[in-house]
Amino acid sequence: MIFGNSGKARSLRVQLRRCLAALVSAAVLLPLAACSDFDSSNPHNGKLNVVTTTGILKDLVSNVAGDKANVSAIVPDNADPHSYEPSLRKIRDIVYADVAFSNYMLLEEHSIIKALDANLRPGVPDVGLAESSVKHAAEVIPLVEDVSLDTVWLGLAVQGAGEQYGAKRSSEVELTATGMQGPGQLTAYLTGSFGDVSIYFNSADGFDGKDKVSLPTEAHTHLSWGFSKPGVYKLGLKARLKVSDDAPPITLGSTTMVFAVGVNSQAVAQKLGATKVLDAGHADLAVDMDKGGFIYRADNQQKSSATHLERDYYAPKDVVVEVPNKALHEIPAGSEYRFLGNPRDQIYLLPQAVLGSHVHGDIDPHLWQNVRNGIAYVQTIADKLSQVDPKNAAYYHQRAAAYTDKLAATDDYVRKTINQIPPSRRLLVTTHDAFAYLGQAYGVKIAGFVTPNPATEPSLVDRKKLTQTVRNLKVPAVFLEPNLRSRSSVLQQVADENHIKVCPIYGDTFDGKVNTYIDMMRYNANILKECLS
């Protein structure tokens, strides 16, 4: 359950806070059933109460806070922060917290961020460590999606944080379809990991305000776009910012998307006075929170690198999106696709390219895989704890300095250990794209992964690409995150078919074997050396 700001959620949150207050003061007696989900012990024991999103952050904070704080994590060990839904017990920890630390940069499931922002007491610091630690020299890497598709890969995005509107991390932007002109039916939808379908825009029954997509600020999502007949389609969209569930929405602008489906896109562009035809690569129609209105942004693969994402920008009036005849497909027989038409009817389709909800930002959020970034996190944590609890500031900074020395030694150990692997064999193939920082910091080439995000289901193209990577590079081993074992059958199958080892590696979370940040980084270095040398 997520505690937001709807009427029902506010009522539940008020009930929770009353329950917690009763448990603390013992001055009010509530029915046992009202408090049955919560521990009746008093957490106010003279220590600071700190809540973190992940176990990795909990360990970093605990090493700085020592015995001056109670530290708890929302996401338990072995769980995936990309998809975890917070429990009522975790909401209790948020309500009691004096300070909260998340990684953010859209690492965590958005429901976790909404739960934090909605249930922290007024004035309690809510720190996004990835962004805040840049001032302590943390290095960030852009996410570059290198997609080899025959058609444009078209998504929707929100560009900018919207601070001038009072937007927070829990705020959302709604993109609503307002109307459509065209010869047939237009549908935009998303296919989940197990074939379930979420329909966002569907012109078959008109647009009544319910055809919309909601995104966090600075986020992006993929969609499939279907068209039932050839011709020119014009889709109207409007954008509104919802700062919170109970605040009036703020209008951000409107625009029109133009699609040339199965017809000469250059001729359509010339007729409309457009200067750009989007026909390949990765592109988004983005709400521009900083400048207002909408803009197309297209990844420039020629100018981009592993550490730098270069984009080209276009006004919507200047763009025609090409849907070529090679995008023609037959509607499958499954009942879940009846919203597109009848089985075996033909449909023009711009593919989603990856299965499953795939909302992310522009920066790779896994900063801690470079230990020097972990040191920047620790310095940021010490600064914030000292602000919240100034009487113990010297204690926090002293512990941070001592822990930093251990982290510096760990950074040196990881570098020296990986340097013992022959350079030609420093090839990392993993479950998902979570190790770019490790690769950049310690000289490991990220040779491949099953999917960009663990919440997505690998396609046949993903599997074929992975197989070719393993065979062509002759990698001696692939690496599997233990918490994703149940979702990594493709990696295991490819390894078995090519008679190579599957070795564990830790990315986003701990388990019973590895449960500290230093242990995790040293373990990863050792296992890389063991399995690649």
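Okay, let's start in a loop: alanine 137 sits between helix H5 (129-132) and strand S5. Helices here are DSSP runs of H or I with at least four residues, strands are E runs of at least two, and both are numbered from the N terminus. Alanine 137 is exposed, at 60% relative accessible area. For the cut-offs, exposed is over 50%, buried is under 20%, and partly exposed is in between, with a 1.4 Å probe and protein chains only. The areas themselves come from the Shrake-Rupley method with a 1.4 Å probe, and for residues only the protein chains shown count as cover.

Before I go on, this is a predicted model, so local features need pLDDT of at least 70 and side-chain atom pairs count only at pLDDT 80 or more, while totals for chains, interfaces and linings use all residues. Residues are numbered from 1 along each chain as its sequence is written, and side-chain values use heavy atoms, with hydrogens and water left out.

Back to that alanine. What is the phi of alanine 137? It's near 75 degrees, a positive value in a residue other than glycine. As background, most residues other than glycine have a negative phi. Leucine 106 is another non-glycine with a positive phi, about 60 degrees. You'll find leucine 106 in the loop between strand S3 (99-102) and H4. With 12% relative accessibility, leucine 106 counts as buried, whereas alanine 137 is exposed.

Now, salt bridges. I mean a side-chain nitrogen of Lys or Arg within 4 Å of a carboxyl oxygen of Asp or Glu. How many salt bridges does a search of the whole structure find? The search finds 16.

Take arginine 169 and aspartate 117 as one of them, with the closest N and O atoms 3.4 Å apart. This pair links distant parts of the chain, 52 residues apart: arginine 169 is in the loop between strand S5 (153-159) and strand S6 (172-181), and aspartate 117 is in helix H4 (residues 110-119).

Next, have a look at glutamate 174. It has a salt bridge to lysine 212, with 3.4 Å between the closest N and O atoms. Lysine 212 lies in strand S9 and glutamate 174 in strand S6, so the pair ties together parts that are 38 residues apart in sequence. Glutamate 174 also forms a salt bridge with lysine 242, and here the closest N and O atoms are 3.8 Å apart. That pair links distant parts as well, with glutamate 174 in S6 and lysine 242 in strand S12 (residues 231-242), 68 residues apart. Glutamate 174 is buried, at 6%, while lysine 212 is partly exposed at 31% and lysine 242 is partly exposed at 25%.

Which residues form the negative surface patch? They are Glu131, Glu163, Glu218 and Asp290. A patch takes residues with over 30% relative accessible area and no salt bridge, joining like charges within 9 Å and nonpolar side chains (Val, Leu, Ile, Met, Phe, Trp, Tyr) within 5 Å. Asp and Glu count as negative, Lys and Arg as positive, and His and the chain ends are not counted. Each charge is placed at NZ of Lys, CZ of Arg, CG of Asp or CD of Glu.

H3 (residues 88-96) contains arginine 89, which is partly exposed at 36%. H3 is mostly covered, though, with seven of its nine residues buried, among them Ile91, Ile94 and Tyr96. Arginine 89 and isoleucine 74 are 15 residues apart in sequence, and their C-alpha atoms are 9.0 Å apart.

In helix H11 (residues 489-497), the buried ones are Val490, Leu491, Val494 and Ala495. Seen down the axis of H11, they fall within an arc of 135 degrees, so they line one face of the helix. That arc is taken from the directions from the helix axis to the C-beta atoms. After H11 comes histidine 499, with a positive phi near 55 degrees.
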